[in-house]
Amino acid sequence: MIRKEDVYPIGRMGKAHGLKGDINFIFTDDAWDRAESDHIICEVDGILVPFFIEEYRFRSDTTAIMKLEDIDSLEAVQMLVNSPVYLEKKYQEELEEDEVSLHYFIGFKMIDGDNGKEIGTITDIDDKTDNWLFIVEQADGNEVMIPAHEEFIAEIRQEEKTMVMDLPLGLLDL
């Protein structure tokens with residue numbers, strides 16, 4: 001069984017393309033292509049289901065037309081329309097450090113490098129603007145937004161799923 005903590009979001013399925021089972025895949029992370037994954041994971045009725053990629057072709061830098069194994073008709077593809085798409089975190093670990101998507105870090109604990117205290121858990125990435133933000137849930141349930149700048153990331157401990165941050169003085173007090 002695929003667990004939510006072992007995957008991270010890379011996009012969503014769009015509408016069907018044609019009548020033979022092709023579908024538009026709108027992606028936010030192209031690690032599935034760079035790591036040469038043979039499958040993606042779609043959420044179908046709340047369950048994470050792997051689908052093997054038969055072939056794909058890019059339409060733009062954020063969209064691909066994808067053909068999945070055993071999805072051979074318009075009816076079969078309908079169950080995937082608007083489905084969230086995930087990639088196993090192990091594929092991100094294969095890539096070079098500078099190729100890793102920020103979405104990979106969802107679920108990591110964030111630590112303040114100055115005092116070693118836990119800031120909270122990264123629950124999401126705000127990538128709607130040029131200045132991306134980590135959305136971090138603190139122990140008291142409050143959310144803080146931390147700039148996702150390389151210069152603030154002091155250390156990444158993949159085994160511990162921890163990110164140590166060197167943040168500007170007073171940033172957490174805002």
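1. Of the 174 residues in the protein chain, 42% count as buried, where buried means under 20% relative accessible area, exposed means over 50%, and partly exposed covers what falls in between (1.4 Å probe, protein chains only). Keep in mind that this is a predicted model: local features need pLDDT of at least 70, side-chain atom pairs count only at pLDDT 80 or more, and totals for chains, interfaces and linings use all residues. Residues are numbered from 1 along each chain as its sequence is written, and side-chain values use heavy atoms, with hydrogens and water left out.

2. On overall dimensions, the C-alpha atoms of the protein chain fill a box of roughly 55 × 30 × 30 Å along the principal axes. The chain exposes about 10200 Å², and carbon and sulfur atoms supply 46% of that; the areas come from the Shrake-Rupley method with a 1.4 Å probe, and for residues only the protein chains shown count as cover. Taking contact as heavy atoms within 4.5 Å, 52% of the contacts between residues at least 6 apart in sequence join residues at least 24 apart.

3. The secondary structure comes to three helices and twelve strands. These are DSSP runs numbered from the N terminus, with helices (H or I) of at least four residues and strands (E) of at least two. Two strands are said to pair if DSSP finds at least two bridges between them.

4. Now the barrel. Six strands close up in the order 1-2-5-4-3-6, with antiparallel pairing. Neighbouring strands of this sheet are turned by 50° against each other on average, direction ignored; the axes are lines fitted to C-alpha atoms (for helices over the stretch in contact), and angles run from 0 to 180 degrees between N-to-C directions. Strand 1 and strand 2 run antiparallel and are joined by five bridges, and Met-13 has Phe-25 in strand 2 as its bridge partner.

5. Which residues have the most contacts inside the largest nonpolar core? They are Met-13, Trp-32, Ile-40, Met-66 and Leu-68, in a core of 24 residues. A nonpolar core here is a set of buried Ala, Val, Leu, Ile, Met, Phe, Trp, Tyr and Cys residues joined through side-chain atoms within 4.5 Å. The elements giving two or more residues to this core are strand 1 (7-17), strand 2 (22-27), helix 1 (31-34), strand 3, strand 4 (47-58), strand 5 (63-68) and strand 6 (84-88). Strand 1 gives the most, with four residues.

6. Leaving aside neighbours within four places in sequence, Trp-32 is in contact with Ile-10, Phe-25, Phe-27, Ser-37, Ile-40, Ile-53, Tyr-56, Phe-58, Ala-64, Met-66 and Leu-87.

7. His-39 is another one to look at. His-39 sits in strand 3 (residues 39-44), and its 10% relative accessibility puts it in the buried class. Its side chain makes polar contacts with those of Asp-38, at 2.7 Å, and Glu-88, at 2.6 Å. A polar contact is a pair of N or O atoms within 3.5 Å; within protein, one must be able to donate a hydrogen and the other to accept it, and residues adjacent in sequence count only if both atoms are side-chain atoms. Beyond four places in sequence, the residues in contact with His-39 are Pro-50, Phe-51, Phe-52, Ile-53, Leu-87, Glu-88 and Tyr-91.

8. There is also an open sheet: six strands in the order 10-9-8-7-12-11, with mixed pairing. Strand 10 (143-147) and strand 11 (153-157) are at the edges with a single partner strand each, so one side of each has no neighbour in the sheet. From one strand to the next, the twist averages 35°.

9. Strand 9 (residues 133-137) is antiparallel to strand 8 (residues 118-126), with five bridges between them, and a hairpin of six residues links the two. Ile-125 pairs with Phe-134 in strand 9. Strand 9 also runs antiparallel to strand 10, again through five bridges, and Ile-135 has Met-145 in strand 10 as bridge partner. Five residues lie between strand 9 and strand 10 in their hairpin, where Gly-141 takes a positive phi near 95°. Four of the five residues of strand 9 are buried.

10. Finally, Gly-18. It lies in the loop between strand 1 and strand 2 and is partly exposed, with a relative accessible area of 48%. Gly-18 and Glu-137 are 119 residues apart in sequence and 42 Å apart in space, C-alpha to C-alpha.
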